[in-house]
Structures are given as structure tokens and as C-alpha cells.
Amino acid sequence: MSEKSQLFSRIALDMSDPEQVLKVIENRKRRARPELEANFVEPSDPIHQQLAEIWIEVLGIEQIGIHDNFFKLGGHSLLVTQVISRLRDLFRVELPLRSFFESPTVAGLAARIETMMAGEQGLVLPPIERVERVGHLPLSFAQERLWFLDQFEPTRAVYNIPHSFQLSGTLEVPLLERAFNAVLSRHESLRTFFANSQDGPVQVISPATELSIPVEDLQSLSEAERETAVSRIASEEAQTSFDLSRGPLIRVRLVRFSSEEHLLLLTLHHIVCDGWSIAVLMRELVTLYQSYSNGAAAALPELPIQYADYAAWQRQWLQGAVLEQQLDYWKQQLAGAPAVLSLPVDRPRPARQTFKGGRVRQSMSQELSEQLQQLSRRHGVTLFMTLLAAFQLLLARYSGQEDVVVGTPVANRTRSELEGLIGFFANTLVMRTELSGNPSFAELLERVREVCLEAYQHQD
């Protein structure tokens, strides 16, 4: 396909080998441990062993020593969050994210956990429990943001999430349909729409939704005609808005190029989905398709909670003193922030925001990538923090401003029971860095590190 038809993020999947497809989607193949450290020590203490097992699961590494540095083994902030959520479940302690950066080894973390347990510093967060599906179900704060924006311009497709997947091999469309419907049955969020009540917007969960997959057959077209048709179909899917007051907020369309070549177009509204959710959806879809192809029953573990339970929990927890503490941080952090970044541009800004953007991809050499990794490890930061510092420095040089504000998404799945759910958890954090005083890059990295850690600590 030409560049003009790349309206979706495209992944090629071989449906003749579902097990290989699962490996592509998971992208977490077990890998060998990097070279052994000179002071490698096998975990023997029970807490060390439990921590090592969690690291092995999250990092996908076969062996962990108690003095291994989590970040040297490929860890990053998102994986830190997953480790912390598992530690919460296992040890019943609320480990601050900052402590992970200060003690990024099994031995260091174990010492902190033991101290917290000895001091009876128990859980602060209440557990997420199932709520009755009666009466009005509240929206999460993230959902309410998008619902609010939709009230102004309900026909806009700004928050559509379009994806495409190239499917190779024999494809049984009825089995694919069956697998999709099983995923919809499994995840209430994909059967949810939003109604207006006297108390404001509420979630409404449909008891059942049958999804049919229309097939566009392009086998008879020439290559040039096929290009034009795919571009048109993809544009239609990406730009057709959803009605939030009616479900489902998911569309599936299949384009057939030949008996063994298809393009799957998947579009969801952001209010029921985020980037993490796409991986969950596709992993379960392929697992179910594989089971049905083999004539077996679905083999997916039952979900302990659903998105509506999370939304109710968030509303109950994030209020009063907890909410004030979060808000006070952001009020202080954003006080006096510049309203706009004055970048020099070659044309005036439009009077009305168009949302017409672009994406530019650029690759860096393996050598540069390794140097950036080494720089990050030397200064105790993640690669994201290093790249954010470089980006903010670049913006400061172009704009002439020393106060640079950048928005960045965060997964916001801080609990292990949320990792397997489809829903809108992602949040946007504001990273505001002060570049006054002509700091060295090492000093700038320290500033960015503090900004990131504080933002992560207040990401709710």
C-alpha cells in the first residue's frame, strides 16, 4: 500500500499461524539475561525471591540478581508502575514510585518494603470491588472529559482511534465475527453508551451486542484501483463520527484483496478505549479465534472487575482530602505557566483549530541509541526523561522561552487488576521544566527527573 493509504497504524498478522500472531501482539518474548554482573548474587531471602519473580515476569528476563539495576535491564516508568501494583497486591504496601528510582535493585527495594511492613505502613488505596449494575453508573473523570467535549461538537471524529491489521493466510470470517462478539461480551466497556440524566451523564451497559463484519471485496480491481478504494474506505472509517448516546462505540470492517490477504479496519471511540486497550483487544481476539479454529471453547480467565467498577471506585476514592492533595500540586505546578509556546512558524496560526496534523518518523542509529541508554543510566533517569529533556531544550532554543510546558500521555493503570481491561484509563500529564540559569544538560536532566517523578506521583 502507498503512503497515502496509511491512515491507520498497520500491523501484519499471519492468521495461518495464530500462535505466532500472539507473539507479535504480545511482543514480550522471553529473552536471555544481559551479561552477568561481577557481583551477581542469586536471590535467596523470601522477599528477594518474590521480588525477583515479579521482575522476571515484567521484564521478560530469565534470571535476576539482587544487585541488578532495573533500568539497566530494560525497565522504564511504565514497567515500574506494573511492578509497584504487584508489590501492592503481594505485600500490602503502597511503595512510592520515587523510591524505585532511588533503590532500583531487588536488594534495595526489599529493604524499603521490610521497613514499611515493620512500620505498619499499610495500604492507602481502597480495593476496587464490583458494584451493582442498578441505577446510574458514573463516568470516570477521563470519560467525563470526552463526553463534555462531545456535547459541543457531537459530529466530530477527533477522538476516533483507528487501527488496521494486514491479515495473511486463510481467514474464516464467521469465526472472526464470533471472536469479536466474544470480546464484546467479555468487556462491558465495548457495550457501553452514555445517556444524560438529571444528575449528569451516566454509563449505560447494553446486555448484549451482536457485531457483524461487512466485507469489501476488492479482488476484481487493479492495483491502482485497489489503492484508491482502500484510501477511500480507510478515510470513511477514520472520519465517521460515533454517537455517544448510542452503542456500540466500535466498528469493524474487512477489506478482501484475495482469498488469503485481508485488511482489518478497527475503529473505536476514545471514551471506551486507549492505546493499551488495543493490545488487550487484539490479544484476546486472536486467542479466541485460535480456540474456535481448533474447535475448542474459549480459554480466557474471568475478569474480576469491569471498567464501570473502576469508574465507581475512582469517584469514591478521588474526593475530599485525596482530591485536594492532587489538585493542590497541579495548581502550584502550573501557576503562572505560559499560555502558549511562541515558536517561529512560516505561516500564521488559523483562527479556528483544525486538528489537521501529521506524523514524522525518524530513525536513529543503533550506536546513538546505545549512547542515549548509557547516558540515561549514568544519571539515574529513564530514556523517556532524557528525550523529554532534549525536546524541551530544543523548544527553549527555538522559542527563546525558559519556561517550557509539554503534555505527554500516561497509561494510568496503576493497579494490576486494570491491566487486562479495555477502557479509557490514559491521562495527560503536564511536564513543566524551568530552563533558567543556563543549566548544563546534566543539571537539566535532574530537573526533568524531578518534574516527571512528581507528575507520576500525582497522575490521578
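Which residue in S7 stands opposite Phe165?

Reply: It's Leu264 that stands opposite Phe165. Before going on: this is a predicted model, where local features need pLDDT of at least 70 and side-chain atom pairs count only at pLDDT 80 or more, while totals for chains, interfaces and linings use all residues. Residues are numbered from 1 along each chain as its sequence is written, and side-chain values use heavy atoms, with hydrogens and water left out.

Let's stay with S7, which covers residues 261-269. Strands here are DSSP runs of E with at least two residues, helices are runs of H or I with at least four, and both are numbered from the N terminus. S7 is mostly covered, with eight of its nine residues buried. Buried means under 20% relative accessible area, exposed is over 50%, and partly exposed lies in between (1.4 Å probe, protein chains only).

S7 has strand partners, too. With S2 (residues 160-168) it runs antiparallel, joined by nine bridges; strands count as paired if DSSP finds at least two bridges between them. S6 (residues 250-258) also pairs with S7 in the antiparallel sense, over eight bridges. Those two form a hairpin with two residues between them, and Ser258 has Glu261 of S7 as its bridge partner.

Now the helices. Two packed helices are described by the angle between their axes and the distance between the axes. Axes are lines fitted to C-alpha atoms, for helices over the stretch in contact, and angles run from 0 to 180 degrees between N-to-C directions.

Take H13 (residues 383-399) and H14: their axes come within 9 Å and cross at roughly 115 degrees. The two helices are therefore roughly perpendicular to each other; angles under 35 degrees count as roughly parallel, over 145 as roughly antiparallel, 65 to 115 as roughly perpendicular and the rest as oblique. The crossing of H13 past H14 is right-handed, meaning that the near helix is turned clockwise from the far one by less than a right angle, with anticlockwise for left-handed. Among the residues that meet are Phe384, Met385 and Leu388 in H13 and Phe441, Leu444 and Val448 in H14, where contact means heavy atoms within 4.5 Å. By class, this contact has 13 nonpolar, two polar and one charged residues. Ala, Val, Leu, Ile, Met, Phe, Trp, Tyr, Cys and Pro count as nonpolar, Asp, Glu, Lys and Arg as charged, and the others, Gly among them, as polar.

H14 (residues 441-457) also packs with H11 (residues 320-334), their axes coming within 10 Å and crossing at roughly 150 degrees. That makes H11 roughly antiparallel to H14, and H11 passes H14 in a left-handed crossing. Here Gln326, Tyr329, Trp330 and Gln333 of H11 meet Val451, Glu454, Ala455 and Gln457 of H14. Those residues divide into four nonpolar, three polar and one charged.

Last up, H2 (residues 46-59) and H5 (residues 106-118) have axes that come within 9 Å and cross at roughly 120 degrees. H2 and H5 are therefore oblique to each other.
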